[in-house]
Amino acid sequence: MYSKTWCEFLVCAALTAALANDVILTPFKKDGSEATLIIIQGVGISAEQYKPLANAIQSTSFLSLWVGIPDFPLNTANPLVIDGGVQRVLGALKAKGMNTSSLFFAGHSQGGIIIQDYLNNKSSVAGLLLMGSFLQRKYNSLFPVPTLVVSGELDGLCRVTRTMESYYHWILHSDNVTRSMTEFPVVIVLGMNHFQFASGDVPLLVKERDLKAEISPDLAHSTVAALVNTFMEIHMGNVTMQPHLVQAVKDTGNFIQPLLKAYEMEGFYHFIPPCYDQTPSSNCTVGCPWTAVGQQIMSGLDMTHIHDTDAFHPVDQINPVHLPHIYNNCSLNQINCVLNVTTVSQNAYGMLDSLDTAFFETSADEIRAKMKSRQAVMEATGHTDVDFNKTDGGSLCKLINEAAYEWALNMSGTKTVERFQKFGEPMVMGEDEGPYNVGPLWIWDPLKYKHTENSSGQKILLVQSVMLKTPTQYYIPVSAGFHYCKLLSPARAMEWIYIDGLRAHYH
């Protein structure tokens, strides 16, 4: 006899199936190779809202393509209902005459996250299409199903920086780049936003977070349809379609170059993890390139007279403790002398970074940088009677953060900068806070981001560093001659330019 709980579950399941508004589409073409595409909806978007995209895919496909779109309770797929929905539409498709084992899946937004977990270890599936979604970090280089990632440049929920991260791992650092361009291609559609994979009424969260599209819904659907059909045909055996997909992947590679450079300057932990106390190798990142730039700005010397080697270490680690150091001295008349310095950095990421949602910023919230003071550098280069209050009395961390913002503006794509300058909320650097000359105070007081207005009433994002600084004659000798900063990552500045700085006026 069934228990009461089990009976309730069966009744609930039956009601869910009865109330579901699944979309079942028969093929436009009858003479092509037969295949099936199951599309999993994003949160708050009904199955019916994907019909225009599904029709665009079917009408331009060389395949005899069946499409099923399960309608889940509350328009939300989750692990408890995904299999029931998939089996339900497969049964409905078979009842209509579908007779093929060539099965593709697609998922939009969170639907893409749910379906990849469902398909893990299901290598018999022909392919997966992630739309405004991505393969999560836990699957890097380990996913069993060929997967196409398609994202919009102006996607305000699945941010383009997360798509760039996928490109880094699945294309640039694949064991076989040529194969990955068709097995795990990553493509960004310029001018497209998150909702344009669907149609109709926009859910509230999407309305609040998505950016403004610059292409029409019809163009978005036809572009995505062409990519999806090319991918499916390749994995149905039509290798003549490969050059088309490869070119789209290469075009995306050109578009994301500024973002790649910015995240490399950060020493992005999700590209290659930091070495910390490990022996340096190709499997870990030694240090933060931007902190080396910061030390040069801090010193007041040009790059021909100072060389900094940065090392990633947790800044709160005391056994062993890691501190910045100057290794040699130069006299004032030594024209070709180079001062060798080491600095220490730690990138701090958001509390929800480990969830890997692409909803929040992927770049570091701050770079915790331990640097030598300007006074210490000047004394090491032969200057005497250096006044600490004059050399290090201003907001030197602010100078470095202004340089990060300018670097990001100069390196970003031309059209991206034009859009940001017209619609974006500029970053403005405030005066440094501190000094907080007690280690924990500096460590745990974060880089400040404050939405405010300037004197003209313009909305701005005010960024303020927290600093620690000590003179060379400090009463604790081991802590003398330091100037620590909470640095703005050039990747965070660029992420602001591409995405978050547009939300106020371009959503």
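Two strands are taken to pair if DSSP finds at least two bridges between them. The model shown in these close-up views is predicted.

**View A. The hairpin of β13 and β14 has five residues between its strands.** Strand β13 comprises residues 448–453 and is joined to β14 by six bridges, the two running antiparallel. Across this pairing, E453 has K459 of β14 as its bridge partner. Within the hairpin, G457 adopts a positive phi near 85°. On the parallel side, β14 pairs with strand β12 (residues 427–429) over three bridges. There, M427 is the residue whose bridge partner in β14 is L461. Strand β14 (residues 459–464) is largely enclosed by the rest of the structure, because five of its six residues are buried.

**View B. Strand β3 is covered on both faces.** This strand spans residues 64–69, and six of its six residues are buried. In a regular strand the side chains alternate between the two faces of the sheet. In β3, one side carries S64, W66 and G68, while the other carries L65, V67 and I69; all are buried. Strand β2 (residues 34–40) runs parallel to β3 and is joined to it by five bridges. Strand β1 (residues 23–25) pairs with β3 in the antiparallel sense, over three bridges. V67 of β3 stands opposite L37, and V67 also stands opposite L25.

**View C. F268 belongs to an aromatic cluster that also includes F271 and Y349.** A pair of aromatic rings is described by the distance of the centres and the angle of the planes. The count of aromatic pairs in the model comes to 17. One of them joins F268 to F271 in an edge-to-face arrangement, at 5.0 Å centre to centre and with 90° between the planes. F268 is buried, because its relative accessible area of 1% falls under the 20% cut-off. F271 likewise counts as buried, at 9% relative accessibility. The rings of F268 and Y349 have centres 6.0 Å apart and planes at 65°, so this pair is edge-to-face. The F268–Y349 pair links distant parts of the chain, 81 residues apart: F268 lies in the loop between α10 (257–266) and α11 (289–299), and Y349 in the loop between β10 (339–348) and β11 (366–372). Both F268 and Y349 are buried. The cluster as a whole is formed by Y168, Y263, F268, Y269, F271, Y276, F312 and Y349.

View E. I318 counts as exposed, because its relative accessibility of 72% is over the 50% cut-off.

**View F. V125 and N389 are 67 Å apart in space, C-alpha to C-alpha.** In sequence, V125 and N389 are 264 residues apart. V125 is found in the loop between α4 (110–119) and β5 (127–131). With a relative accessibility of 9%, V125 counts as buried.

How values were computed: Residues are numbered from 1 along each chain as its sequence is written. This is a predicted model: local features need pLDDT of at least 70, side-chain atom pairs count only at pLDDT 80 or more; totals for chains, interfaces and linings use all residues. Side-chain values use heavy atoms; hydrogens and water are left out. Rings of Phe, Tyr and Trp (its six-membered ring) pair if their centres lie within 6.5 Å; planes under 30 degrees apart count as stacked, over 60 as edge-to-face and the rest as tilted. Buried means under 20% relative accessible area, exposed over 50%, partly exposed in between (1.4 Å probe, protein chains only). Helices (H or I, at least four residues) and strands (E, at least two) are DSSP runs, numbered from the N terminus.
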